[in-house]
Amino acid sequence: MKNITFVFLFILTAAANSIELSDQGCDSDNLANACIPKLSSGFNFLKSYKVNGEAKDKVEYSYVFTKGTQYMINLCPNGATADGVVVSLFDKERNKVASSKINGQFISAIAYPCNATGIYYIQYTFDEPSSHCAGSALGFKR
Amino acid sequence: MRLIAIGIVVFLLTSCSSGKKPDEQAFLKSLDSTKNTGPGVDEEVINAILGQIPSPIEISMLLKESGSKYNEAILNSTNNLPKYNSNFKKALNLGVYGTDLGYTNIFGRNQDAIKYISSIKSLADELNIGQFFDIATIGRLATNSKNLDSLLLITTMNFNQINHYLQSQSRDNLSVLLLTGGWLEAMQITCQTAAKNPENAELKETIGEQKIILEQIMLLFTFYQSDANMAALSVDLDTLKKAYDKININYTYKESTMEIVNGVAIIKDNSTTTIDITKENVLEIKDIINSIRTKIIS
């Protein structure tokens, strides 16, 4: 009985520690929600994206962009600046069409006036091990 | 290890709670035939496809910009609501009415919007997803066309929550039906509008571009072929695909350029797409869409 109690307490402690670690880790859900109001004026919200790179080297989403529509992708990292997290946009053939890292400078927003309809891949990568957590929002205007 | 520990605790907690609330029992009973019977569908794969399909409200915005007038007659009448007595029809028409609500909102038709909100609430309740519809908020947003952004936000958030919930109940086929109903209605509205404005090249192109969306929707349907209703709808969508096979979308890639303006990377997209679509193609697609939609809303 003592053993069972010990095992149960061990499991509970391990779980509590895990949950605590998780809370201290990447809260990409909240970051994604907080990123929505940061879309520039005139852009209508489309999607918010959770960017949690704790266990992977990239996070990727896709969306069908339409010719004649201007899109904006905002990046809201878990820190004051966008340094370390890079958002890149690839077309259906995996050609890179945009990036938030330009000449070594990290930019927190990309405006993309789409001229070619198709599936695009929105990919988040992490330049620094300490920067692996962010939220992001996609908006559009015509 | 972290996951294992959480998993064990979750298992212990769930296995300890044997008493189900009455409404939960009613809900489980209501799952009926809409519960997937086939092999488990990978949630990540489904989410990836669902996530890339644009909101029908995007198309509705184009319609208003094209100068077309509001036309209530092309929407699905809320009088049809009592006809929807299977979860298959309810889910599809929840999507249909969602698109119609967006359309009324964009054209500022508040009285019509209220009717659609009421029908949406009824269908959502009957599908046991009414808890995700904050009708008071949707009503406030949908009756003010200046709130399109907020309406898009709340509908997207709702869809994500509903989808996650339905997946946890092994009813993700309903998410696909919701989305398909919404898309078919947007197609119906666009085709009807294009038929009245045959010279409008942008509308014609928009119809042609939907080939990409149709391919994604059909990909989703391949996961649910064990569901007789979805398999039948899949056959109809295949007829539509055959019409779309005649349309070519030509893509030319050219490296983009970019500059930083006020802290924003502004991209100049040098790639292009051209869409080969004729008036005859539009008419054929319109007729097929109309035929599929009639089955859905009747």
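Helices (H or I, at least four residues) and strands (E, at least two) are DSSP runs, numbered from the N terminus. I note that the model is predicted: local features need pLDDT of at least 70, side-chain atom pairs count only at pLDDT 80 or more, and totals for chains, interfaces and linings use all residues. Residues are numbered from 1 along each chain as its sequence is written, and chains are lettered from A and ligands numbered from 1 in the order in which they are written.

**Entry 1: helix 4 of chain B**

I looked up burial (buried: 20 or more other C-beta atoms within 10 Å of the residue's own, C-beta atoms being placed from the backbone). Helix 4 (residues 56-65) of chain B has seven of its ten residues buried, so it is largely enclosed by the rest of the structure. Among the buried residues are Pro56(B), Ile59(B) and Leu63(B). I then looked up contacts (C-beta atoms, placed from the backbone, within 7 Å). The buried residues pack against helix 5 (87-106), helix 8 (148-168), helix 9 (172-196) and helix 10 (201-221) of chain B.

**Entry 2: helix 4 against helix 5**

The axes of these two helices of chain B come within 9 Å and cross at roughly 35 degrees. Axes are lines fitted to C-alpha atoms, for helices over the stretch in contact, and angles run from 0 to 180 degrees between N-to-C directions. I record the crossing of helix 4 and helix 5 of chain B as right-handed (the near helix is turned clockwise from the far one by less than a right angle). On the helix 4 side, Lys64(B) is one of the residues that take part, and the helix 5 side includes Thr99(B) and Tyr103(B).

Six strands form an open sheet of mixed pairing, in the order 1(A)-10(A)-3(A)-8(A)-3(B)-2(B). Strands pair if DSSP finds at least two bridges between them. At the edges I find strand 1 (44-52) of chain A and strand 2 (257-261) of chain B, each pairing on one side only. Between the chains, strand 8 (residues 109-113) of chain A runs parallel to strand 3 (residues 264-268) of chain B, joined by two bridges. There Ala111(A) stands opposite Ile266(B). Within chain A, eight bridges join the antiparallel strand 3 (residues 70-77) and strand 10 (residues 133-141), with Ile73(A) opposite Leu138(A).

**Entry 3: the chain contact**

I note 39 residues from chain A and 38 residues from chain B in the contact.

Terms used
Two residues are in contact if their C-beta atoms, placed from the backbone, lie within 7 Å. A residue is buried if 20 or more other C-beta atoms lie within 10 Å of its own, exposed if 12 or fewer, and partly exposed in between; C-beta atoms are placed from the backbone.
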